[in-house]
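The following note sets out numbered points for a colleague who is about to examine the model. Please read each point with the structure open.

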Amino acid sequence: MADNTLWVGVLTAGTAVVASWVTSQGTARAARIQAEMTAAVQRADQRRTARRTAYADVIEQAQKMGDLYWKVNDAHADPDPESRTVTLKDLRLRLRDACATLRHLVRVVELEGPQEAAVAADRCGARRLTTTRRWRT
């Protein structure tokens, strides 16, 4: 009987050690998967935030350029030729700077966004650039 008890004890201890090892392997694997998933979610969130910021910056800059174009139309209505020329030259410089900023922001969208967004931003920037070149005085 004593021999039987010893074997049962050894078998129980061995089973407990193996069960503990299997549990620790499962726990380690689950922790690794959870860490990988958390990192992937953080990367996706950072990518989404960077894209959202890039898109908003392009839209904001395009709006600023649109406002400058309205000022060009207003400047053409000025009856004084000298004042109109000075205003148009100032607006041309401001539009040039705004266009350079827009081109930079479009490049950021090309880096951050998917191809469709990059194409749309490039079209917007190219359209603004073409319109800016037409207004040279």
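1. Salt bridges. A salt bridge is here a side-chain nitrogen of Lys or Arg within 4 Å of a carboxyl oxygen of Asp or Glu. A search of the whole structure finds six salt bridges.

2. Basis of the note. The model is predicted: local features need pLDDT of at least 70, side-chain atom pairs count only at pLDDT 80 or more, and totals for chains, interfaces and linings use all residues. Residues are numbered from 1 along each chain as its sequence is written, and side-chain values use heavy atoms, with hydrogens and water left out.

3. Overall architecture. The secondary structure comes to three helices and zero strands, and the pattern along the sequence is α-α-α. Helices (H or I, at least four residues) and strands (E, at least two) are DSSP runs, numbered from the N terminus. Helix α1 covers residues 2-76, helix α2 covers residues 81-112, and α3 covers 115-134.

4. Burial and surface. Buried residues make up 20% of the 137 residues in the chain. In this note, buried means under 20% relative accessible area, exposed over 50%, and partly exposed in between (1.4 Å probe, protein chains only). The chain exposes about 10100 Å², and carbon and sulfur atoms supply 59% of that area. Accessible areas come from the Shrake-Rupley method with a 1.4 Å probe; for residues, only the protein chains shown count as cover.

5. The pair Arg 94 and Asp 90. Why can these two residues be described as about one helical turn apart? They are separated by about one helical turn because they lie four residues apart in helix α2. Arg 94 is partly exposed, at a relative accessible area of 36%, and Asp 90 is also partly exposed, at 39%.

6. Further salt bridges. Arg 96 and Asp 97 meet through their side chains in a salt bridge of 3.6 Å, N to O; Asp 97 is partly exposed, with a relative accessible area of 43%. Glu 110 forms another with Arg 107, where the closest N and O atoms are 2.9 Å apart. Both Glu 110 and Arg 107 belong to helix α2 and are three residues apart, about one turn of the helix. Glu 110 is partly exposed at 31% relative accessible area, and Arg 107 is partly exposed at 42%.

7. Arg 103. A polar contact of 3.1 Å joins its side chain to that of Asp 122. A polar contact is a pair of N or O atoms within 3.5 Å; within protein, one must be able to donate a hydrogen and the other to accept it, and residues adjacent in sequence count only if both atoms are side-chain atoms.

8. Nonpolar core. Which members of the largest nonpolar core touch the most other members? Of its 18 residues, these are Met 65, Leu 95 and Val 109. The elements giving two or more residues to this core are α1, α2 and α3, and α2 gives the most, with nine residues. A nonpolar core is a set of buried Ala, Val, Leu, Ile, Met, Phe, Trp, Tyr and Cys residues joined through side-chain atoms within 4.5 Å.

9. Contact means heavy atoms within 4.5 Å. Leaving aside neighbours within four places in sequence, Val 109 is in contact with Ala 54, Tyr 55, Val 58, Ala 117, Ala 118 and Ala 121. Gln 61 is found in helix α1 and counts as buried, at 8% relative accessibility. Not counting residues up to four places away in sequence, Gln 61 touches Ala 98, Thr 101, Leu 102 and Leu 105. Across the chain, residues 24 or more positions apart account for 64% of the contacts with a separation of 6 or more.

10. Lys 89. Lys 89 has its place in helix α2 and is partly exposed, with a relative accessible area of 43%. Lys 89 and Val 72 are 17 residues apart in sequence and 9.8 Å apart in space, C-alpha to C-alpha.
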